[in-house]
Amino acid sequence: MSYDAWILLTGSLVGLTCGVTGALLVLRKMSMLADAISHTVLLGIVGAFFVTQSLNGLPMLIGAAIVGVLTAFFVQMLDSSGVQSDAAIGVVFTSLFALGVVLISFVGDSVHLDVEHALMGEIAFIPWDTLTVQGMNLGPKAVWMLGFVFLINVLFITLFYKEIKLTTFDPQFAALLGIPVMFIHYLLMGMISLSTVASFDSVGAILVVAMLIVPGATAYLLTDRFLILLILSGLIGILSAVTGFAFAVLFNVSIAGSMACATGLYFILAFIFSPKHGILMKQIRKYRLSSEQS
Amino acid sequence: MFDLLSNANTQWVLIGSIMLGFASGVIGSFVLLKKQSLISDAMAHATLPGVGLMYIIFEYKSIPLFLIGATITALLATYSIQLIIKHSRIKTDAAIGSVLSVFFALGIVFLTYISKNTSGNRSGLDDFIFGQAASLVASDVRMITIGSAILIILSALFFKEFKITIFDPLYAMGLGLPVRFLNLVLLGLVVGIVVIGIQMVGVVLIAALLITPPLSARYWTDKLGRMTILSGVFGAVSGVAGTVISTIGEGLPTGPIIVLCASIIFLFSLLFGSKKGFIPKVVSTHEL
Amino acid sequence: MNALSVQNLTVTYDKTPVLQKVGFEIPKGSLTGIIGPNGAGKSTLIKAILQLIPRISGDIQVYGKPYHRQRRLIGYVPQRSEVDWDFPTSALDVVLMGRYGHIGLIKRPGKKEIQIAKEALRKVGMEEYQDRQISQLSGGQQQRVFLARALAQDAQIYFMDEPFVGVDAATEKAIIQLMQEWKEEGKTVLVVHHDLQTVEDYFDHVLLLNKSPVGCGPTQKVFTMENLKQTYGGSLKFLGENSVVLQERV
C-alpha cells in the first residue's frame, strides 16, 4: 500500500472508532467528559513512559485507560460532593493536563514525545512506524492499534447494547431494574480512553475531541434511530478523515487539523440541510404552515 | 535566582502575572456562578484561529492585531454555541465541545499554513498555545497589567448588578436593570481576560484560571463579595508562583505551571476549606 | 401481609431533612394516593424507597422481605420530565426496556419479549404508535408509553410519580383503568398525587405526608379535614372549594 493510502486508512480508522464511541457520549450529554479525557490521557502516556522508559503501545494503552477512568472518577466525586458538573470537569482536566504537559518537559529531547506532538499528532510519520513480526512488514503500528481498539469497542457495544441504551435514556429506571449503571458508565469511559490513546499518535489529544464529539452531534441531527445513529456517526468520521486529507494535501496544512475541520464542515451541512432537524427544513415547514393557515 | 528576580523586566512580568491572576479570579467567580465555565474554555480555544488569521492577512507580528483577531473569533465561537443550542436539538455540552474542537483545529490549520506557505516563521505564534512568560516584552507586560486593572475596575463597578442578574435575571429585569447589557458587559470581561491572558498562559489552559480559583474560594466562604476577593487572591498567588517557577526552571511552560499552582490551592481548599471542605465536614458530622 | 412496610426512613439534602423518620405500612391490593403540599417530599419518598437516592436511615420491606431481594416485584412510572425525549428511539423500544430486568445482562430481547411489549402498548391504546420516535408523541402519549413500560415489567407493586400531570382525558382514563385492573389482580399501587378533588374517586387508601406521615390508612378514615389541615398547615386556605366539599362531608 502506498504512503498516502496508509495515512488515509489511519485517519479513517480514527474517524470510525471515535465516531461510534463518541456518539454514545453525545447522547449521554457527556461530551465535555470526552473533551476532558482526551486531554488527560496525555498524563497516562507520560506516566507510562516514566515507568517503562519507552513509548510502547501496550503500556501506553494501559496508562491512558487508567488516567481516563480516573478522570471520570474525580469528576464524579466532585459532582456528587456538590460542585456543579461543568466546573468539576474544568478543574479536573486542566489540572491533570497541566501536569502531563509539565512532565513532558522533563522527558528531554532524545525521546519522540513533545507537546506539539501531543496536541496535533504526527499522522505524516505513521506509515514509517511499522510493525514487523519475524521480518515480515505488517504495516503501520497505529493501524493495528486502532483496529484492535475498534474491535474491542464494537464487542462491548454489542454485548451491552441494551444496557448502554437504557442507562443512557433513563438511568434511574435502569438502576431500578438492577442494571449496573456505574459499571456501564466506567466501561464507556474506558472505551473513550482507549479510543483516544489509539488516535493520539495520529491526530493528537485535542483534535481527537473533534472526532469524538462532532460526528455524533452531526448524526444526532440526521436520524432518530439509536443503532443507525452509531453507524452514521462512524461513517461521518470516515468521511471527515477523507475530506480532511484531500484538503490538507491541497493547501499543504496539518492533516489532523484539516480532518477535524472537516467534521465541522459536515456538522454545518447537517445543521442547515438535515431533512428532519435542519434549520432550512424547519423554516420551510413553518412557511408552509403559515401559508396554509392564511 | 535573586539576580533574576531583581531584574527590571522580570519584576514587570511578576506584576503583570499578579494583576492577570487577580482579574481572572474575580471574573471567574461570576462565570462560575453563571455556570459558563466550559463556555469560557471554548472561547479560549477559539482565539487561536483569530491570531493565525491576522498573521495570514497582514503577514507581520503585531500583538494588538493578534488580540483583535482573537477577540473576533472568540465572540464568533460564543455566538455559534448559542445559535446551535437555540436552533437545533443539540444539547449544550455537545455544542460547546463541537465549537471548541473545530475552532481549535482551524487554528492549528492556520498555524501550519503559516509555517509552510508564507515567508515568515511561526515561532512566537506557538507560544500562544501554552504561553511563555519569558518571551514577553515590556510592551506586552504593560498591556497585560493595564488591561487587567481595567477589567478589575469594571468588575468592581458592576459588582452588585452582576450579583443580582446572575442570581435572578427575571427579578433583575423587573427592577428595571438592563440585563441584556449587563450580560454583554460580562461577556466582554471574559473575552477581555482570555485575550490578554493567552500570551502568558496559552489558549489551552487559560480557562483554568477562570474556573479553579473561584471554585477553591467557594470552599472558604458563602458570601459572593468575599468569594470574589479570595478567588482573585488565589489567582494572583497562582500567577506569580507559576511565573517564578517557570522563569527559574528554564524551558518550563508558564501556563501549565500556573494552572498546577491553582490546582494545588484547589486541592488544599477541597480538603481543609472552612465552609465546605472535606475534613471540616467530616468533623462536623461526627459532632452531630 | 403488607405489600410495603417502611420504617424510620430519613433522607436529607445537605443536612436539611427532607423526610424525617417516616414509617408506614401499605396493605396488599390497595390503591394508595400519596398526598401532601409542595416540598413535602412525596417524590423523594418514592425515590428513597426505590433506592434511587441515598438515605440516612430506613428499613424497607416489600412483601415481607428486604427491598433489594424483591426488585423483580417493583414497577415504576417516573415523572415524564425526568428523561430526554429527544433520545433516538421508538415507543416500542421504550416499552421493551421494561423487560430488561427479566432478560438479564448481555442477552437480547426475543420474540416473547416483543410480544409482551406490543400487548402492553395495545392495552394503553398506543399500538399504532409503536414505531413512532418518542419526541413526536404528545405529552399524554409519552405518559402512556411509560405506563406500558411499567405494565411490561409485570410487577406486583407499582409506584407512579404524578402520572396525571399535563395529560389529556384519554390518558387520564387509561391510567385509572390500568390502576383498577392492577387492583383487581391483587397488585398494589402507590401514586404521588396532588389534586385533592379526585382523591376520593381514585384511591381507597391515602398517605398524608409533610416531611413525616400525618396519616395513613383507608381514605374514609384518614382523608379528613382535620388531617388535611395538619398536613397543609397555613396553605390549606388555597384549596378553595375543595375544603368546602370536605367540610360538608365531615
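This is a predicted model: local features need pLDDT of at least 70, side-chain atom pairs count only at pLDDT 80 or more; totals for chains, interfaces and linings use all residues.
Buried here means under 20% relative accessible area, exposed over 50% and partly exposed in between (1.4 Å probe, protein chains only). Residues are numbered from 1 along each chain as its sequence is written, and side-chain values use heavy atoms, with hydrogens and water left out.**View 1. An edge-to-face pair in chain B.** B:Phe66 and B:Phe128 sit 5.7 Å apart, centre to centre, with 80° between the planes, an edge-to-face aromatic pair (ring centres of Phe, Tyr or Trp, its six-membered ring, within 6.5 Å; planes under 30 degrees apart are stacked, over 60 edge-to-face, the rest tilted). B:Phe66 belongs to helix α4 (residues 63-87) and B:Phe128 to helix α6 (residues 127-130), 62 residues apart (helices are DSSP runs of H or I, at least four residues; strands are E, at least two; both numbered from the N terminus). Both B:Phe66 and B:Phe128 are buried.

**View 1. A tilted pair in chain C.** C:Trp85 and C:Phe146 make a tilted pair, 5.1 Å centre to centre and 50° between the planes. C:Trp85 is in the loop between β6 (74-77) and α2 (91-97), and C:Phe146 is in helix α5 (residues 139-152), so the pair ties together parts 61 residues apart in sequence. C:Trp85 counts as buried at 11% relative accessibility, and C:Phe146 is buried at 0%.

**View 2. Charges over rings.** The charged end of B:Arg89 sits over the ring of A:Tyr220, 4.4 Å from its centre (NZ of Lys or CZ of Arg within 6 Å of the ring centre and within 35 degrees of the ring normal). A:Lys162 does likewise over C:Tyr100, its charged end 5.6 Å from the ring centre.

Terms used: Chains are lettered from A and ligands numbered from 1 in the order in which they are written.
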